[in-house]
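Thanks for coming. I'll take the sheet, then a pair of helices. Here is the model.

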Amino acid sequence: MADDMITEGMLDMFIFETEQGLETLENICLESRDAGEFDDDHVNEIFRIMHTIKGASAVMMYQNIATLAHKLEDVFYYIRESKPENIPHAELLDYIFEVSDFVNAELEKIKEGAESDGVADDLIEQLDKYLKKIQGGKGAAKKEEQAAAPAHAPEEEKPHFYIAPVASDSSHFYSIFITYSPDTDMANIKAYIAINALKGIAEDILFMPSDIISNPDSAAVVLEFGFKIAIQTTEDADRIMELINTSSGIEQVEINECTGQEFLEFCTEAESKAPASTAGEIVLGPIEQPTIRTDAKKPEAITLTEEEEKGVEAVKEAQKEKAEKPAPKKKKPAKKAETQSFISVNIKKMDLLMDLIGELVIAQAVVLQNPDLKVPGLDLSNFKKAAAQLTKISSELQEAIMAMRMMPLKNTFQKMNRIVYDTSKKLGKDIELEVIGEDTEVDKNIIEHISDPLMHLIRNSVDHGIESNEKRASIGKLEKGKIVLEAKNEGGQVWISVSDNGKGLKRDEILAKAQANGLLGNRSERDFTDKEVYNFITLPGFSTKKQVTEYSGRGVGMDVVVKNIQEVGGVLDIDSEEGRGSTMTMKIPLTLAIIDGIIFSVAGTNFVSATNTVTEFIRVDEEQLIIEPDGEEYVMIRDICYPLIRLNEFYHIAGGKEKISDGIVIILSYEDRKVAVFADGLAGEQEIVVKPIPSYIKKVPGISGCTQLGDGSISLILDIGGLVDKK
Amino acid sequence: MRTLIAEDDFASRKFMLKFLSKYGECDPTVDGMEAVDAYLMALEAEMPYDLVCLDIMMPKLDGYQALKAIRDIEQERNIPEDKQAKIIMTTALNEGANVNKAFNLGCVAYAGKPIDQAKFENVLRKLELI
């Protein structure tokens, strides 16, 4: 625990460790559920976890958690030491889960900055009873042993307390760098005025050079090297800027938010470097007496009366610091060097890096496809070589950053275990969860977006998919239901599927419902593919209605699930076989930001479509074109009929080719539907960086974003799903 | 309760002094060196401090060093554990590593700044100082 690598705040660390402990705890419990008892390793592990949580929460002064953890620890202490037989295992598991839930709930409160005010007295009492029960009947001997247990306790380490600071969250660290214009007089005094202004809002403040008041030579240092300040405050950067600007002569101010660690490093640095500005004469003896200061130092400086007092203090401080400088130095850097093999990085920084790479890819395209290169007769062979190298490096860079953001799905999947346990217990069903491919890695951003939908899908499977035990027995299925949670990589996408061996979706009933809701339009029921039918359950109104009528089937928040998945550019694929179960697969692209795209033009406007959505390009003759009486157009290619969208008509672009044989037809696919798009011609292929459509443009059907092309022009990115639906 | 406060920042020192004075005599010092001196003087006078509050970032001797010095002195003089001063670190450095380091050096509590008075008093009660 006492690891020097830990740089998070005390509270973060407590939350992290406790959450991990609880997770392990739950996993042990779920593992042991079928065994019906804990083996020795489990008992020891649980004892250890509860002991750790108890200790940590006592240090953090969360008495409620500590007491509860202590009680559970007692129970396991007894189990470990006395090894009682026939303990009611299921009951114990319930208690453990209740404890875990309580602690988790408290952690949530703590995370949100609220007080941990939950009361666990009932639970403690129940645990007490439970403990008595398993001890019961064992006679006095056991009682004694139990009495001996508390005697064990004192052997533990002395108690420690950590008093969390008030509103620690709102306190920020900033590093400030001020430069003064070279002709500024007494820059040191100006700097001090800034410091003085900041003192009002500072919880802690350090500056360099630190001898600005005591040493007139520091003016030159400030002018030459600038003035550095590190400040801890609850105010924001704007307020700091405002305060600094009260002093004159400032040329430039740079304010950067930094971490506590950097703040600390600044202190170290400040201490080590400060003497430099004083050069030779390190110790200025007389300064200790404030009186001397007034005459020894330049009198003009001391015109402000209020400043005077503070000045004295600062002088003293500077004096002190100077004197002891060498002592507290060395330590920290030495220690750092050996430990850091991992660093934790703020996700915002990673996002920024990702954005920058996007910009780099655009800039690269602008250079490599620059119109200036198109001068006839130019020898570009060397340029081409260099360009190839650049392209290679930038794509490697892109991959490296992607890899950095990748996280295994393990944690997300493990949470599902508990959900299956809880839900199935409540519903009185016997269900087993099998997890496959939990080491599959996906972007951190995607993990955040899929854990809710995944939970929905799992719940749905348990609740609606798997039949009740009796029902299963009566139709000759294995009584124990099974849900398989699987993740795998599949051609630039990650597929996460939840399949159950329950009753599956009933096509007829869904169709009937859709009919009643007027969703079928004028198509006949037989025209709908199974997938289209199943997709009805993802419509918002559809699901709730079914729920209200207690209609058996799925649909609890399926629209929310789909919306969540769509947010990360994914789709939900539903497959089912009546009576045999169903499979819900989330197909999510591995990356959201940079994709390969094919560019085509329509009357001077460029459109881009992701390369993996393009099935083929084909030139079509007039006779392959079928025009329906209502004006709808279709093209017949190798006996398959595709609906045709003319982009110039669709987006009302004037000009563009009209004759189908003059332009080119591009077949685009979305899930298992295909559409033919008619454009003037192909313009090229390029890595495109997806940028959202600016919010002042209202949502346009069939357009999912925009990007910048190599020649600097803007191109719209086609959203095939939208196009298909529109059609 | 006799309290020794080591704190280089004037405002914080004044705050601590005011806050803890209601529980008894408080002596302020401005750096770690002075704090250790004051601690020694009190020992000589056989009026040891019950509570020592140490800032970490201080000139001359930082809080860790002062803490270690005090514990070393106690060990050297064979002062029994229950007679040893209770030491609370008061600092803005809240990283886990710092906190653990301080605990390992033998402080009993670690208070992050700005100090939560209610919790601080709570700890004092637990330590049976008030």
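Two strands pair if DSSP finds at least two bridges between them. Helices (H or I, at least four residues) and strands (E, at least two) are DSSP runs, numbered from the N terminus. By that count, β1 (residues 3-6) and β3 (residues 51-54), both of chain B, pair in the parallel sense over four bridges. Within β3(B), the residue opposite B:Ile5 is B:Cys53.

Some ground rules. This is a predicted model, where local features need pLDDT of at least 70 and side-chain atom pairs count only at pLDDT 80 or more, while totals for chains, interfaces and linings use all residues. Residues are numbered from 1 along each chain as its sequence is written, and chains are lettered from A and ligands numbered from 1 in the order in which they are written.

Now the whole sheet. It is open, with six strands in parallel pairing, ordered β1(A)-β5(B)-β4(B)-β3(B)-β1(B)-β2(B). At the edges are β1 (161-163) of chain A and β2 (26-29) of chain B; each has a single partner strand, so one side of each is left without a neighbour in the sheet.

Next, the helices. The axes of α2 (residues 32-44) and α3 (residues 63-76), both of chain B, come within 9 Å and cross at roughly 20 degrees. Axes are lines fitted to C-alpha atoms, for helices over the stretch in contact, with angles from 0 to 180 degrees between N-to-C directions. Contact means C-beta atoms, placed from the backbone, within 7 Å. α2(B) and α3(B) are therefore roughly parallel to each other (angles under 35 degrees). Residues making the contact include B:Tyr39 of α2(B) and B:Ile70 of α3(B).

Notes. Contact = placed C-beta atoms within 7 Å. Parallel < 35°, antiparallel > 145°, perpendicular 65-115°, else oblique.
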